[in-house]
Amino acid sequence: KTMMERITARKNPLLQQVRKLLSSRKERENTGLFVADGTKLLSEAVKWWPGLETVILSDGVEADVPAHVRVVSVPRDVMESISPMATPQGALFLCRLPEKTAFVPKPGMLILDGIQDPGNLGTIIRVADWFGVDAIFASPGTVEVWNPKVVQATMGAIFRKQVIYTDLSEICRKFSAAGLPVYGTFLDGKNLYENLPSDAKHGLVVMGSESFGISPALESLITNKLLI
């Protein structure tokens with residue numbers, strides 16, 4: 001059984017690291033760690049994420065975690081001092097960031113061009129997971145996927161999906177050149193529910209930012225405009 005450590009001091013180095021990881025993208029990148037919060041997310045991480053490293057539980061909360069994972073218990077008021085949640089569920093945990101892997105774009109994948117809102121990105125990842133999309137490609141201008149608000153909004157889907165940040169125009173260009181459809185979401189597009197082409201699963205779907213839509217560089221590569 002996993003041995004549980006006890007931490008009561010708010011200035012403990014682990015708790016200070018958690019605060020930094022929650023607030024700073026640079027800290028996440030430098031340490032190769034991110035933080036997630038909540039009992040449901042923890043159970044998903046235990047099931048799907050090989051890089052679960054440290055679990056912090058508030059008094060009275062239990063979790064079934066692998067033997068190699070460090071488990072720390074803290075008083076409830078200490079959990080409240082580090083958790084970004086208004087009402088913490090009592091489980092907060094640190095995970096290793098995934099290795100950067102090359103992923104070949106395949107038909108049926110989702111391309112995100114400059115999504116800014118963490119909640120929106122998290123919801124999109126959740127929906128993509130539900131539809132069985134293997135990987136999501138995102139422009140460098142898209143909000144960082146390991147932002148705690150994004151992780152929270154995915155409700156655990158983040159632990160099953162790969163999000164790859166890369167230059168999107170090259171991907172779209174290859175698909176167009178191969179004669180495959182590249183769909184984009186536009187306000188002046190055709191209604192998706194009335195015009196879903198039979199070859200939709202052979203192409204890519206591009207979604208643009210909330211404020212500016214799809215960037216001009218990508219817009220020129222879109223073969224079918226759709227309205228969701």
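In which sense do strand 7 and strand 8 pair, and over how many bridges? Strand 7 and strand 8 (residues 162-165) pair in the parallel sense, over four bridges. Two strands count as paired if DSSP finds at least two bridges between them. Helices (H or I, at least four residues) and strands (E, at least two) are DSSP runs, numbered from the N terminus. The model is predicted: local features need pLDDT of at least 70, side-chain atom pairs count only at pLDDT 80 or more, and totals for chains, interfaces and linings use all residues. Residues are numbered from 1 along each chain as its sequence is written, and side-chain values use heavy atoms, with hydrogens and water left out.

The chain passes from strand 7 through helix 6 (residues 148-153) to strand 8, in a right-handed β-α-β crossover. Right-handed means that, with the strands pointing away from the viewer, the path from the first strand over the helix to the second runs clockwise. Strand 6, helix 5 (residues 118-130) and strand 7 also form a right-handed β-α-β unit.

Strand 6 (residues 110-113) is joined to strand 7 by three bridges in the parallel sense. L110 has I136 as its bridge partner in strand 7. Strand 7 (residues 135-138) is covered on both faces. A135 and F137 are buried on one side, I136 and A138 on the other. Buried means under 20% relative accessible area, exposed over 50%, and partly exposed in between (1.4 Å probe, protein chains only).

These strands belong to an open sheet of six strands, in the order 8-7-6-10-9-11, with parallel pairing. Strand 8 and strand 11 (224-227) stand at the edges; each has a single partner strand, so one side of each lacks a neighbour in the sheet. The twist averages 35° from one strand to the next. Angles run from 0 to 180 degrees between N-to-C directions, and axes are lines fitted to C-alpha atoms, for helices over the stretch in contact. Strand 6 also pairs with strand 10 (residues 204-208), in the parallel sense over four bridges. There, L112 has M207 as its bridge partner. Helix 5 lies across strands 6, 7, 8 and 10, at about 175° to strand 6.

I111 lies in strand 6. I111 counts as buried because its relative accessibility is 0%. Beyond its neighbours within four places in sequence, I111 contacts F137, L168, I171, L204, V205, V206 and M207. Contact means heavy atoms within 4.5 Å. I111 and L168 are 57 residues apart in sequence, yet 7.4 Å apart in space, C-alpha to C-alpha.

N147 sits in the loop between strand 7 and helix 6. N147 is buried, with a relative accessible area of 17%. The N147 side chain reaches the backbone nitrogen of K149 at 2.8 Å. Not counting residues up to four places away in sequence, N147 touches R28 and P118.

A further open sheet has five strands in the order 1-4-3-5-2, with mixed pairing. Strand 1 (4-6) and strand 2 (33-37) stand at its edges, each with a single partner strand, so one side of each has no neighbour in the sheet. The twist averages 25° from one strand to the next. Strand 2 and strand 5 (residues 91-96) run antiparallel and are joined by five bridges. F34 stands opposite C95 in strand 5. Helix 3 (residues 39-48) lies across strand 2, strand 3 (52-58) and strand 5, at about 35° to strand 5.

Terms used: Polar contact = N/O pair within 3.5 Å; in protein donor to acceptor, adjacent residues only side chain to side chain.
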